[in-house]
Amino acid sequence: MSDRILEVENLTVDIPVGGGMLHAVQGISFHVDRGETLCIVGESGCGKSLTSLAVMDLLPSKAFRGANVLNLADEDMLSAGERRMSDIRGNTMGMIFQEPMTSLNPAYTIGNQMEEGIKRHKNVSTAEARERAIYLLEKVGITGAASRLSQYPHQLSGGLRQRVMIAMTLMCGPNLIIADEPTTALDVTIQAQILLLLAELQREFDMGLILITHDLGVVARIADRVAVMYAGQIVEQGTAEQVFNRPTHPYTQGLLECIPIPGKTDRSKPLGSIPGIVPSLIGKFSACHFAERCPYAMDECVAENIDMQGAAEAGHEYRCLLDNETCDANARKKGVA
Amino acid sequence: MTDGSIKSRTGVHIEDRIIDEPSPGERARKRMFSHVGFMIGGFVLLVIIALAFLAPLISPHDPLDQQLARKLIPPIWHDHLKVTWAHPLGTDQFGRDYLSRLIHGSQISLLIGFSAMLISGVIGTALGVAAGYFGGRVDMVVNFLITTRLSMPVILVALAVVSLVGNSLTIVIWVLGLLIWDRFAVVMRSTTQQVRNLDYVVAAQAIGCSVPRIIFTEIMPNIVNNLIVVATIEMAHAIILEAALSFLGLGVQPPAPSWGLMIAEGKNHMLFDPWLIGIPGTALFILILAINLLGDGIRDVTAPENRN
Amino acid sequence: MLIYAVKRLSVAILVALTVSLLTFSMIYLSGDPAMALAGEAATQADIENIRRVYGYDQPIYVQYFDWLGNALKGNLGQSHYLNSPVSEVIFTRLPVTMILGASALSFGLLLAIPLGVLAAMRPNTLIDRFALGLAVIGQALPSFWFALIMIFFFGVALRWLPITGSDSWLNFVMPSIALGYYITPAVMRLTRAGMIEVLSSDYIRTARAKGLRPSIVLFKHALRNAIIPVVSLAAVQFGFMLGGSIVIETIFAINGLGQLAWESILRADLPMMQAIVLVLSCFYIILTLVADILNAFLDPRIRVS
């Protein structure tokens with residue numbers, strides 16, 4: 001078995017809406033290796049969450065998924081039926097959701113909900129499942145783990161519930177965890193704790209982790225690689241070092257301009273902002289999706305679809321017509337490189 | 001994005017992707033005309049109302065006129081010797097024209113349904129709005145009244161009261177009206193609770209508007225949709241109850257052509273002349289169905305998010 | 001949980017007392033009960049005599065407390081017509097009505113809940129439209145007419161089922177359907193709406209993300225939560241059905257409480273009427289009380305707090 005856990009090529013998600021077809025995810029490709037954290041960043045509505053649901057095959061029933069390649073540990077998930085997918089979900093691939101307050105069933109105890117997954121996938125006794133649940137609850141930093149098992153979700157705080165969700169996802173020892181904005185709904189002070197916990201567990205259990213977020217500060221701390229999404233496309237992808245230190249795409253540069261980075265940001269200048277709004281993704285249109293808001297937009301930008309091109313270093317690519325030198329020069333001018 | 005198109009900064013037109021948004025009123029009208037149930041229900045109800053108003057003009061015969069010589073003529077679709085176009089729906093066991101009785105019967109159903117709905121609507125809305133608006137003690141008392149009312153079986157109490165007080169159209173209307181206000185109160189209470197915490201109601205309170213003014217100008221317009229929907233449900237309810245009371249012999253009294261009474265009278269001849277109960281029952285079914293479809297339609301058209 | 005139960009119980013007792021007061025005052029609806037009882041041919045002396053024997057000369061509140069005290073002891077008075085204790089007659093008739101109510105409820109729930117679940121699983125498909133259509137039609141069918149139609153087809157034309165009586169279980173088939181279909185629309189709609197809401201909830205997505213079998217997701221995770229409001233509704237509707245049994249029992253000549261009520265009303269047997277209203281109301285109050293407590297038990301958010 002290779003180290004490549006997830007391989008996605010040309011993934012699309014289309015959703016029929018009142019006025020036509022919403023092309024929510026437009027042919028994105030990425031991969032995750034064992035022990036690697038991939039952060040997908042982008043603003044709300046850019047297709048991050050749908051991407052993760054598409055990988056899990058948990059899209060709403062009216063949404064259509066398409067892809068050239070969708071492999072989990074060399075197994076083709078495109079040809080896997082619903083039965084096979086349900087064997088994979090929660091077993092070798094788990095997901096943590098945004099809303100800890102509503103992601104647990106109010107009618108059942110924590111223990112019940114933690115144990116049912118492992119009993120479904122692995123041949124374990126109730127006692128073994130319980131033991132594993134207690135072990136993992138302690139791992140995620142919950143005190144009095146044994147007594148928590150008989151509690152109901154409404155008796156726990158949001159932070160605790162998200163810790164329970166994380167422990168629950170780890171029950172079967174998955175190869176890949178997808179965390180979809182796991183801290184958005186939590187208090188700021190809890191957010192960092194939960195994310196660092198995730199990063200720590202990912203290292204300890206040597207899993208692949210896809211973290212979906214719009215918090216660039218978090219990305220900078222825990223990402224191995226970063227994919228920047230804008231309006232249904234990945235506009236820049238590379239190692240965290242590449243994306244943060246040599247951002248090439250004008251959107252990435254704009255994003256980085258918006259956050260203060262110690263030692264880099266010019267204190268005398270106000271923080272940047274990106275004018276304009278995200279285009280509607282209903283109906284086909286061939287143009288650079290960012291052209292509307294891009295300070296460097298040219299006539300060619302709206303004439304055709306823009307393809308990814310390689311940057312100076314291997315593994316770093318971006319979706320823009322400008323050549324690499326120009327991009328680097330722009331980045332330096334903006335003070336984000 | 002109000003100008004209907006996006007001008008790119010480079011001066012290039014990308015695509016006109018913004019559709020002109022219709023106003024809420026236009027959208028409601030569009031939904032109304034495309035809502036099959038609403039249109040059918042409304043149309044049928046209008047026809048029945050027209051029949052009721054025009055009954056004396058369009059009935060071929062006097063609904064009370066007994067001609068024992070021509071009794072139990074079957075309706076025209078029956079293959080029978082006595083069948084005649086003079087009595088398209090036949091005659092009953094007293095030789096009264098069934099079509100005329102059916103047309104006049106719609107008057108009774110609509111009158112009782114509408115009046116009882118009006119009485120119960122006034123009681124229930126007053127209680128419900130008061131409970132929802134004032135909350136606290138008032139809410140507790142109203143809730144208690146609703147629970148008490150619900151615990152008493154409607155048909156049984158109605159029958160008992162009518163039998164004790166005596167039965168006339170007016171009494172049946174009042175008894176039903178005084179009994180079926182519960183749904184109005186329940187729905188108006190919860191709707192008012194939702195509306196009263198909205199910003200503009202709080203604002204009206206803050207600038208010192210009087211309570212009646214707030215209730216009538218700020219709250220009522222926002223709960224009137226739900227009120228109409230409940231009104232249709234309760235009108236249908238009252239019509240069914242009247243028919244049941246008359247069927248049991250304690251509602252409208254013979255020889256009045258109430259549909260429930262017609263079914264009761266036809267019951268004894270059901271074996272050989274099933275149309276005697278089939279025709280008034282179908283009329284009752286169509287009327288209730290039309291009112292329910294209209295009510296469901298109003299709910300869907302005014303508040304599509306409340307579907308299901 | 002205990003505090004909740006106690007609170008709920010005290011409300012129920014208060015409601016029952018109010019209902020008893022209303023029921024008691026029924027006798028004054030027709031004016032002077034002694035005069036009504038004595039009949040038209042009675043002399044003034046007869047009326048006075050009756051007034052004294054039945055205690056109608058006492059102050060009204062004394063009469064009420066006497067009546068209530070006796071009722072609490074199980075003495076609901078003497079039937080004017082049957083000349084036997086009201087409670088005795090009621091308790092011989094009650095089981096028949098309970099059997100009818102229970103089988104009607106079972107029929108209604110067994111039709112409504114699966115249909116609501118199926119409709120919610122496939123919204124806007126053929127099965128959903130069928131279920132909604134059935135609900136719309138069901139709501140518009142007067143139960144007494146529906147009963148007559150069934151009698152005509154299954155009793156008279158096809159001769160499959162007996163038309164009247166309450167001797168064998170076959171006698172209960174048509175009345176149960178006629179009475180039970182009445183609750184189907186409401187229960188079906190509530191089940192459907194509840195299931196649609198629950199199925200789109202985050203915890204169902206979590207359950208699917210755990211790779212659980214669809215049947216477990218549906219029954220363990222979804223239905224369990226969607227059924228909670230249905231329990232209350234079913235209790236309320238069961239109470240309504242007992243009230244509605246007066247019509248159905250009369251049509252099918254079933255020897256239950258409903259028919260007894262109708263007969264008593266025709267005979268102006270006041271103590272019997274009062275007692276039946278009181279018994280049915282109290283039954284409804286107990287039923288909703290049990291449903292609320294059952295609800296609290298099903299919902300850990302109420303139970304464990």
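Guide: Buried area is the accessible area (1.4 Å probe) that two parts lose on being put together, summed over both. This is a predicted model in which local features need pLDDT of at least 70 and side-chain atom pairs count only at pLDDT 80 or more, while totals for chains, interfaces and linings use all residues. Residues are numbered from 1 along each chain as its sequence is written, chains are lettered from A in the order in which they are written, and side-chain values use heavy atoms, with hydrogens and water left out.

Visitor: What area do chain C and chain A bury between them?
Guide: Contact, meaning heavy atoms within 4.5 Å, takes in 30 residues of chain A and 19 of chain C. On the side of chain C, the residues that lose the most area to chain A are C:R205, C:K210 and C:R213, together 24% of what that side buries. Carbon and sulfur atoms hold 52% of the buried total, which is about 2,300 Å².

Visitor: Which side chain of chain A meets C:K210 in a salt bridge?
Guide: A salt bridge is a side-chain nitrogen of Lys or Arg within 4 Å of a carboxyl oxygen of Asp or Glu, and the count between chain C and chain A is two. In one of them, at 2.8 Å from N to O, the partner of C:K210 is A:E116.

Visitor: Which element gives the most residues to the side of chain C that touches chain A?
Guide: Helices here are DSSP runs (H or I, at least four residues), and strands likewise (E, at least two), numbered from the N terminus. Those of chain C that give two or more residues to this side are α10 (202–209), α11 (214–252) and α14 (300–303). With six residues, the one that gives the most is α10(C).

Visitor: How much space lies in the largest cavity?
Guide: On a 1 Å grid over the protein atoms alone, a cavity is a set of points where a 1.4 Å probe fits but cannot get out, and lining residues have an atom within 4 Å of a point. The search of the whole structure finds eight cavities of 30 Å³ or more, a volume being the space filled by probe spheres set on the points, which are joined across faces, edges and corners. For the largest cavity, the space is about 120 Å³.

Visitor: Which residues are closest to the centre of the largest cavity?
Guide: Elements that give two or more residues to its lining are β7 (93–96), α3 (110–121) and α6 (158–170) of chain A, together with α10 of chain C. Of the 14 lining residues, the closest to the centre are A:G90, A:M168, A:T169, C:A209 and C:K210.

Definitions and conventions: On a 1 Å grid over the protein atoms alone, a cavity is a set of points where a 1.4 Å probe fits but cannot get out, and a pocket is an open set with protein on both sides within 12 Å along at least five of seven lines; lining residues have an atom within 4 Å of a point.
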